[in-house]
Amino acid sequence: MHRSRILLSAALLIGTTMCIFVPPSTAQVKGQLPPGPKNAPQIGQKAPDFTLPDSNGTPVKLSSFSSIPTGGKPPWVLLIFYRGYW
Amino acid sequence: MKEFEARNIRVVAISVDPPATTKDHIRKQGFTYTFLSDEKLVALKKYDIVHAAGFEGADISRPAEFLMDPSGTIRWLNMTDNYNKRPKAQDVIKAFDDLKK
């Protein structure tokens with residue numbers, strides 16, 4: 001009877017310890033970002049215009065891409081925002 | 001890239017890297033599309049995709065893609081919760097083709 005009590009206590013102790021130290025499953029996924037942005041432009045809205053320098057330092061306006069026809073028609077524009085810090 | 005050019009889609013990449021960094025990167029990787037530098041988070045704030053202190057304490061961009069038509073209207077976008085999950089070029093091409101139907 002004594003022995004089983006010790007075993008039970010040990011099991012309880014180990015069980016409790018595991019509950020404390022097992023890391024939560026949701027937190028540390030690699031590459032995880034904070035929750036999504038709330039004010040990002042939506043489909044159907046106009047893309048906000050801006051002027052930024054290109055890799056040569058020349059200022060470029062976003063709306064200017066649409067007005068440079070390639071092959072005779074104004075193009076669609078795919079904006080890719082990436083993390084940087086190569 | 002040829003699939004984008006064939007569909008008359010201009011590709012523009014933006015990050016907080018300064019022009020000198022992207023120029024070097026383009027040279028090494030042989031990219032042919034336009035890279036813009038948003039060191040002051042101008043466009044990033046307008047598109048609400050700032051990842052505050054996302055890299056060694058510095059504000060950087062959340063990865064995101066926006067496809068807009070010639071009028072400047074956003075027709076497709078992609079935001080991710082994990083920067084290891086990025087759409088492939090084929091995903092964008094398919095979205096474009098679906099929109100054009």
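Colleague: Which residues of chain B are linked in a network of salt bridges?

Modeller: Salt bridges link Asp24(B), Arg27(B) and Lys28(B) into one network. Keep in mind that this is a predicted model. The general idea first: side chains of opposite charge can pair when their charged atoms come close. Now take one pair. The side chains of Asp24(B) and Arg27(B) meet at 2.6 Å, N to O.

Colleague: Why are Asp24(B) and Arg27(B) separated by about one helical turn?

Modeller: Both sit in helix 2 (residues 19-29) of chain B, three residues apart, so about one helical turn lies between them.

Colleague: Is Arg27(B) buried or exposed?

Modeller: Read the relative accessible area. Over 50% counts as exposed, and under 20% as buried. Arg27(B) has 62%, so it is exposed. Asp24(B) has 28%, so it is partly exposed.

Colleague: How many salt bridges are there over all chains?

Modeller: The rule gives seven. One of them is in chain A, where the side chains of Asp49(A) and Lys61(A) meet at 3.9 Å, N to O.

Colleague: What does the pair of Asp49(A) and Lys61(A) tie together?

Modeller: Locate each partner. Asp49(A) is in the loop between helix 1 (2-21) and strand 1 (51-53) of chain A, while Lys61(A) is in strand 2 (residues 59-61) of chain A, so the pair ties together parts twelve residues apart in sequence. Both partners are partly exposed: Asp49(A) at 28% relative accessibility, Lys61(A) at 44%.

Colleague: Which residue meets Arg7(B) in a salt bridge?

Modeller: Asp97(B) does, at 2.9 Å, N to O. This pair links distant parts of the chain, 90 residues apart. Arg7(B) lies in the loop between helix 1 (2-6) and strand 1 of chain B, and Asp97(B) lies in helix 4 (residues 89-100) of chain B. Arg7(B) is partly exposed at 25%. Asp97(B) is partly exposed too, at 28%.

Colleague: Now the interface. How many salt bridges cross between chain B and chain A?

Modeller: Zero, by the rule. Polar contacts are another matter: 22 residue pairs make them between the two chains.

Colleague: How many residues does each chain bring to the contact?

Modeller: Chain B brings 61 residues and chain A brings 48 residues. About 5400 Å² is buried between them, and carbon and sulfur atoms give 63% of that. On the side of chain B, Asn8(B), Arg10(B) and Pro70(B) lose the most area to chain A, together 13% of what that side buries.

Colleague: Which element gives the largest share of the side of chain B that touches chain A?

Modeller: Strand 1 (residues 9-15) of chain B gives seven residues. By class, that side of chain B has 33 nonpolar, 15 polar and 13 charged residues.

Colleague: How many bridges join strand 3 of chain A to strand 1 of chain B?

Modeller: Look for the bridges, then the direction. Six bridges join strand 3 (residues 76-81) of chain A to strand 1 of chain B, and the two run parallel. Phe81(A) has Ile14(B) as its bridge partner. Leu78(A) has Val11(B).

Colleague: Which strand of chain B is joined to strand 1 of chain B?

Modeller: Strand 2 (residues 34-37) of chain B is, through four bridges, and this pair also runs parallel. In it, Phe35(B) stands opposite Ala13(B). Strand 1 of chain B is mostly covered, with six of its seven residues buried.

Colleague: What pattern does chain A follow along the sequence?

Modeller: Chain A reads α-β-β-α-β. That gives two helices and three strands. Of its 86 residues, 27% are buried.

Terms used
Residues numbered from 1 in each chain as written. Chains lettered and ligands numbered in written order. Predicted model: local features only at pLDDT ≥ 70, side-chain atom pairs only at ≥ 80, totals over all residues. Heavy atoms only, no water. Contact = heavy atoms within 4.5 Å. Buried area = accessible area lost by both parts, 1.4 Å probe. Salt bridge = Lys/Arg side-chain N within 4 Å of Asp/Glu carboxyl O. Polar contact = N/O pair within 3.5 Å; in protein donor to acceptor, adjacent residues only side chain to side chain. Nonpolar A, V, L, I, M, F, W, Y, C, P; charged D, E, K, R; others polar. Pairing = 2+ DSSP bridges. Buried < 20%, exposed > 50% of the residue type's maximum accessible area, 1.4 Å probe, protein only.
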